[in-house]
Each structure stands twice: as C-alpha cells, then as structure tokens.
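Please keep the sequence and the 3D view open while reading.

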Amino acid sequence: MSKAVKVICGANEQEGAAGSTVKETRNNFQEVLNIPKNAEAFVGGKKVKEGHVLAEGDSLEFIKPAGDKG
Amino acid sequence: MKHVKVIGAGGIGSILLPTLCRFLNASGEQVVITIIDGDDYENKNQTRQLFSRLGNKAKVSVEKLSGEFPGIVFQAKPEYLTDKSALYLLKDGDIIFSCVDNHKTRLLISDFCSEELENVVLFSGGNSFTDGNIQIFIKKDDKNLTLPIANSYHPEIMKPSDRRPDEIGCGELIVSEPQLIFTNNAVATLMLNAFYSHFYNGGCDYNEVYVDILTNNSRSVQRT
C-alpha cells in the first residue's frame, strides 16, 4: 500500500496508507500521535465514520480537544 | 485606544501579561488593560505562575505591572467572569485574552462574544500537561469573521463537563491537574504571536494553533 495519506492530530502528523480505513489508521497511529479515544475524524474538513476508506492524497485529522487548563 | 481584557492571571495569563505589556508600553499607543480574576495567588502557584506577593491575582498583577509599565492604564477586577459580570466587564471593541482554566468559562466567553458584542477580537488559550492550543474569534460590524471558539470541532467547549470557579461551593475541595510551566509558556507565546499578526501584520490566515512541547511542533489551521 502506498504511503500517501497525511494523518494529523494536534501539532503532529505522520504518513499513513491509502486504502486503510479510519479505524485502522487510528489504531496504527494512536500511540505515536497520542490520539484521544473520543477524537472525531475529519477528512478534507468533513467528519467521517470509522469505516471510511482513505484515498491517496487525503488529509485525515483526528481533532484533539482544546486544552482545558491554563 | 486599545481596550484589552485579560481573563485569568494564572499559568498562561501571568506569563502572557509581562510580554504583552512590555510591547504595548513601548508602542506608545493608548492602552487600557483590565485584568479579571477572582482567584488568589498561593504559595503552591510558585512553580509556574509569576507573581510578586500572595493575594488576589488581578490586584497583585496590576500592582506589579503598573509600576513597571507607566504608559499603560491598568484596572483590576478581582472577580470571576459570570453571566452577570460579563455584561459590565466585556465591551464592544475589546481585545480579549482568555487565559482561563476551564471550558465552562470558555463557553461563557464564546457565547458572550458571539451573541452580545458586535466587534471583538478574542484570543483563547488552554493546555493539557505537554500540549495545548489557541483559538481566535473575530467579529466585526456584527458579523462573525471566524468560528466562535465553542464550535462543532470542539464539543468539549460546547458542552463542558467542568464547572466555572463561581459554581464551585465554598469549602469544596478541588484537586487540580498538574500543569507544566513550559506548556503554559508555549500557549501564551502562541496567543501573543496571533495578537501581533492580527493587529500589526495584516491579519492571521489561521484561527487555531496546536502546540506540542515534547515534539516541539506547532500547527496552525483555518477552521471553517
């Protein structure tokens, strides 16, 4: 599979694989990107479900919750 | 004249204020800075908050900063922001730095700015232990130019599970989550960067920035 998907969470990003689902990508990058369990997934600015299959060139963002402390 | 409101003079606010004041004092502009905080500086805050003595955070901050920056007019409001106090503390045309430590107050600020004011620029910051973010809300001539900070990307702000300080009962024991001064500092810096970009460099092409102090990455994004 090609490495042609940008996977983003907060300030960090990694390269993911086109053809993977959002759920698979979440599992693969949960630790390295510290993806919160309840983080919603957006592709191209639109919310997607866990079964959504990523295409080459997609930018998948797991939305990190806003910092709550200060 | 710039009317600046800094809500919260704790971890982020106490770091943001000296740098903001130094810049504005040197700018020669007419500025009024109002610091709003109902909390007190305590000994336990010394690990990451900048203060000269114990006491109400707004009063202590104004006392210190007014001596150092005579070109700025300071006001201290030693109270928490509530639905009622927002009516007289936040005014049309304000530049607001939200440096609070709970989403319930962020929601209040977001709703007030988007529903009650016709012109406002809001810089809101918050952090976890090693990462954080800022959000920018701009409203001009009664039109939202950016998303309110309580938006669908941040349901944790739209429906907060925490409480405002004024909603916490007297004597109720609150266990605060640990914070890191470096993360507070990083968020304060992002807020100040956005302030400079907006007012002195033609605007920001983003309305949210994330930062991670462990990877030393930051990422700006335009939410629509």
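## Cavity

The largest cavity is lined by B:Gln135, B:Ile136, B:Leu147, B:Pro148, B:Ile149, B:Asn151, B:Asn207, B:Glu208 and B:Arg223. A cavity here is a set of points, on a 1 Å grid over the protein atoms alone, where a 1.4 Å probe fits but cannot get out; lining residues have an atom within 4 Å of a point. The lining splits into 4 nonpolar, 3 polar and 2 charged residues. Nonpolar means Ala, Val, Leu, Ile, Met, Phe, Trp, Tyr, Cys and Pro; charged means Asp, Glu, Lys and Arg; the others, Gly among them, are polar.

The volume of the largest cavity is about 30 Å³, taken as the space filled by probe spheres set on the points, with grid points joined across faces, edges and corners. The structure has 1 cavity of 30 Å³ or more.

## Model and conventions

This is a predicted model: local features need pLDDT of at least 70, side-chain atom pairs count only at pLDDT 80 or more, and totals for chains, interfaces and linings use all residues. Residues are numbered from 1 along each chain as its sequence is written, chains are lettered from A and ligands numbered from 1 in written order, and side-chain values use heavy atoms, without hydrogens and water.

## Interface

In chain B, 33 residues are in contact (heavy atoms within 4.5 Å) with 18 residues of chain A. The two chains bury about 1,800 Å² between them, 47% of it on carbon and sulfur atoms. Buried area is the accessible area (1.4 Å probe) lost on putting two parts together, summed over both. On the chain B side, B:Tyr153, B:Tyr210 and B:Arg219 lose the most area to chain A, together 30% of what that side buries.

## Salt bridges

The whole structure holds 16 salt bridges over all chains, each a side-chain nitrogen of Lys or Arg within 4 Å of a carboxyl oxygen of Asp or Glu. Across the interface of chain B and chain A there are 3. A:Glu61 pairs with B:Arg219, the closest N and O atoms being 2.7 Å apart. A:Glu61 also forms a salt bridge with B:Arg223 (2.8 Å, N to O). B:Arg223 is one of the residues lining the largest cavity.

Note on methods: 1 Å grid on protein atoms, 1.4 Å probe; cavity = no way out; pocket = protein on both sides within 12 Å on 5 of 7 lines; lining within 4 Å.
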